[in-house]
Amino acid sequence: MDYKSSLIQDGNPMENLEKQLICPICLEMFTKPVVILPCQHNLCRKCANDIFQAANPFWTNRVGSVSMSGGRFRCPSCRHEVIMDRHGVYGLQRNLLVENIIDIYKQECSSRPLQKGSHPMCKEHEDEKINIYCLTCEMPTCSMCKVFGAHKACEVAPLQSVFQGQKTELSNCISMLVAGNDRVQTIITQLEDSCRVTKENSHQVKEELSQKFDVLYAILDEKKSELLQRITREQEEKLSFIEALIQQYREQLDKSTKLVETAIQSLDEPGGAIFLLSAKQLIKSIVEASKGCQLGKTEQGFENMDYFTLDLDHIADTLRAIDFGTDEEEEEFIEEEEDQEGEESTERKEEGHQ
């Protein structure tokens with residue numbers, strides 16, 4: 001690994017050095033011990049062991065019982081085949097040079113002063129960094145504002161503690177909002193199923209109605225058209241209501257999704273002060289969005305269309321008066337027919353006696 005030539009070519013040596021110290025497996029800075037492969041590429045020993053175990057699932061190296069056979073895997077950087085002996089990745093040579101460079105890099109990073117442009121500065125005291133958080137005013141500020149400025153009488157806290165607290169709170173809000181979005185998606189799916197079942201039930205009752213009317217089509221043609229129109233109107237009203245609900249839930253889901261994306265981007269902000277400038281309002285927006293999921297729903301059995309069914313086992317003379325009715329009306333009709341038949345039977349008996 002030619003670190004010197006890489007650093008000379010780049011205008012920012014520390015940034016370029018960090019890129020050279022990234023493990024191609026975990027995509028993090030190398031974790032000691034670092035091993036060097038025969039192809040001269042480097043890996044964390046743990047990452048090398050992970051890909052070795054994945055490529056050789058039956059290879060064992062137990063305590064007190066060392067495997068007599070080795071294994072092989074391919075370098076993730078150049079695909080060169082690396083052949084291992086019975087010691088596995090523990091037989092690879094450690095790259096002490098890279099490990100020393102990592103120690104020097106970390107020491108250099110910890111001792112480097114923070115650049116003025118990389119940290120928000122106080123508007124009232126231009127040479128002061130924003131380094132504390134005013135709990136009273138709920139805003140980040142600088143030490144000079146606490147001692148001499150507008151926040152002199154306010155309660156303050158270390159910036160890092162508030163940063164971690166609100167970051168955790170925002171993470172919890174995101175989880176809550178994502179869970180809410182899952183519930184909204186479930187409701188949308190249920191509404192779409194309800195729409196489908198409503199269509200199926202409407203189709204079913206239409207077929208049943210058509211089949212029954214076909215028996216006496218000559219008499220019932222006009223009535224049949226009227227009843228079918230009523231079913232269609234009912235179907236359209238229900239479908240319009242369900243589709244309106246679906247649209248409302250879709251709009252809310254879109255808003256929530258955009259809010260989640262904004263919150264996730266905010267979580268990626270490494271600077272505590274920059275994060276805190278917008279975190280409070282963002283948390284408030286998420287809480288309000290999660291409470292706003294109070295849209296309408298369909299009642300149980302909303303898609304049911306059974307009340308449009310008909311029993312056409314009636315006398316032909318009464319067909320013109322048929323309508324969609326309740327069970328009580330049908331029972332009253334049957335009782336009236338029975339009473340009428342009873343009266344006719346009594347009259348016939350009396351005429352026979354005479």
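Leaving aside neighbours within four places in sequence, with which residues is Leu37 in contact? In this predicted model, the contacts of Leu37 are Leu43, Phe73, Cys75, Val82 and Leu92.

Leu37 also belongs to the largest nonpolar core, which comprises 23 residues. Together with Leu21, Phe30, Met84 and Ile102, Leu37 is among the residues that touch the most other members of this core. Two or more residues are contributed by each of β1, β2, α3, β6 (81-84) and α4 (96-111). The largest share, 4 residues, is supplied by α4. Another core, of 21 residues, lies apart from this one and includes Leu259, Ala273, Leu276 and Leu282. In soluble globular proteins, nonpolar side chains tend to be buried together.

An open sheet is formed by 3 strands in the order β2-β1-β7, with antiparallel pairing. Strand β1 (residues 34-36) is joined to β7 by 2 bridges, and Val35 has Arg94 in β7 as its bridge partner. Helix α3 (residues 45-55) lies across β1, β2 and β7 and runs at about 90 degrees to β2.

Elsewhere, Tyr249 is located in helix α7 (residues 217-267). Tyr249 has a relative accessibility of 0% and therefore counts as buried. Beyond residues up to four places away in sequence, Tyr249 touches Val184, Ile187, Ile188, Leu191, Leu295, Gly296 and Lys297. Tyr249 and Val184 are 65 residues apart along the chain, yet their C-alpha atoms are separated by 6.6 Å.

Notes: Residues numbered from 1 in each chain as written. Predicted model: local features only at pLDDT ≥ 70, side-chain atom pairs only at ≥ 80, totals over all residues. Heavy atoms only, no water. Pairing = 2+ DSSP bridges. Contact = heavy atoms within 4.5 Å. Axes fitted to C-alpha atoms, helices over the stretch in contact; angles between N-to-C directions. Buried < 20%, exposed > 50% of the residue type's maximum accessible area, 1.4 Å probe, protein only. Core = buried A, V, L, I, M, F, W, Y, C linked by side-chain atoms within 4.5 Å.
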